[in-house]
Amino acid sequence: MSTATATATASAAIAATTAELETRIRQAPQGFRVMTGDRPTGPLHLGHYFGTLHNRVRLQELGVDVFVIIADYQVLTDRDVADRLGEHMEGMLLDYLAVGIDPARSTVFNHSAVPALNQLMLPFLSLVSVAELNRNPTVKDEIAHSRQSAVSGLMFTYPVHQAADILFCKGNLVPVGQDQLPHLEVTRTVARRFNERYGAVFPEPEALLSDAPLLLGTDGTKMSKSRGNSIALGADADETARLIKGAKTDAERYITYDPENRPGVSSLVLLAALCLGREPHAVAEEVGGGGAAALKRTVTEAVNSRMAPIRARRAEYARDMGYVRSVLRAGNERANEIAMATLEEVRGMMGGAPQ
């Protein structure tokens, strides 16, 4: 079988599995608990919105029990210090509430407020080998792009850290991109080995594969919080216009949607299409010979229109930070209760580990 055929076969299998899982979610959403989250390393941006945040709200609206972790401890995975952590955490909370995360139906908490998560990681680490962690392709990629002066031990334990994040609440559904599947496989391995060694406690979480569109940053590279090439959810209309005006395009005047050969132009076309709820090719055809200037005007208008209600809600929540912080306190309380119950169950199954 050729590489192209194997890839096509694998893609078809993934699509079929995802479709079947979506059907099960719609039929019995109460049977699923989603675990997802973000590291507070900078402002959330449009890539996050269309890639993950929108999907979390969708699952919440379907009736799935959604847990969202602000992974503050994991900021140290690939950097030496956690810079402006409090500011980023509060900004992230504002973004979550503004896009529609409902604290009455979803649980938002921060990692450092739930000590049992780290206590669960210790027995979990005993269930995987150093060799397994060392050959994890996602870890290899993180190491290659690490911002640390030297790679820390935390980097190697990162997949097990995530396993504790997912399994503490017995999460059985994790929205991921295909590149994150190796991390989730570590979680599934930990759950399976624990159950085999000590008794059935944990589900083996399923991957809800995302077909999230790839939005490039304004410099034509991957959109990232740390690269200064993104449009933050908290950006106002003028800042958005300025950032889009400076976005990288190309010398060809006629606008087409061709991600492989015209990545910068195509990413802008895609962004406009996502905001307008239209097909990218239709947007490109409409701009046509108007060139990059017309495309950027279209994108700016589309983004500002789509984000206007989110920005309004964000500003409203920002005027009552007492309420915003109370959301996190309530989420931390629920997460702590669940984590402690799970830890006690784990200790009992392991034969009464010392308190």
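Mentor: One term before we start: a residue counts as buried when its relative accessible area is under 20%. Also keep in mind that this is a predicted model.

Trainee: OK. How many of the residues of H10 are buried?

Mentor: Of its 14 residues, 11 are buried, so H10 is largely enclosed by the rest of the structure. Among them are Gly264, Val265, Leu268 and Cys275.

Trainee: What covers the buried residues of H10?

Mentor: The cover includes helices H2 (46-62), H9 (237-245), H11 (280-287) and H12 (291-318).

Trainee: And how far does H10 reach from its first C-alpha to its last?

Mentor: Helix H10, residues 263-276, reaches 20 Å, close to the 20 Å expected at 1.5 Å a residue. H10 is followed by Gly277, which has a positive phi near 70 degrees.

Trainee: Switching topic. At what angle do the axes of H4 and H7 cross?

Mentor: They cross at roughly 120 degrees and come within 9 Å. That makes H4 oblique to H7. The crossing is right-handed.

Trainee: Which residues make the contact?

Mentor: From H4, they include Leu117, Met121 and Phe124, and from H7, Val160, Ala164 and Asp165 are among them. The residues of this contact divide into 9 nonpolar, 3 polar and 1 charged.

Trainee: Last one. Where is Lys170 found?

Mentor: Lys170 is in the loop between helix H7 (153-167) and strand E4 (173-176). Its phi is positive, about 55 degrees, although Lys170 is not a glycine. Most residues other than glycine have a negative phi.

Trainee: What is the relative accessible area of Lys170?

Mentor: It is 28%, so Lys170 is partly exposed.

Methods:
Residues are numbered from 1 along each chain as its sequence is written. This is a predicted model: local features need pLDDT of at least 70, side-chain atom pairs count only at pLDDT 80 or more; totals for chains, interfaces and linings use all residues. Side-chain values use heavy atoms; hydrogens and water are left out. Helices (H or I, at least four residues) and strands (E, at least two) are DSSP runs, numbered from the N terminus. Buried means under 20% relative accessible area, exposed over 50%, partly exposed in between (1.4 Å probe, protein chains only). Axes are lines fitted to C-alpha atoms, for helices over the stretch in contact, and angles run from 0 to 180 degrees between N-to-C directions. Angles under 35 degrees count as roughly parallel, over 145 as roughly antiparallel, 65 to 115 as roughly perpendicular and the rest as oblique. A crossing is left-handed if the near helix is turned anticlockwise from the far one by less than a right angle, and right-handed if clockwise. Contact means heavy atoms within 4.5 Å. Ala, Val, Leu, Ile, Met, Phe, Trp, Tyr, Cys and Pro count as nonpolar, Asp, Glu, Lys and Arg as charged, and the others, Gly among them, as polar. The expected span of a helix is 1.5 Å times one less than its number of residues.
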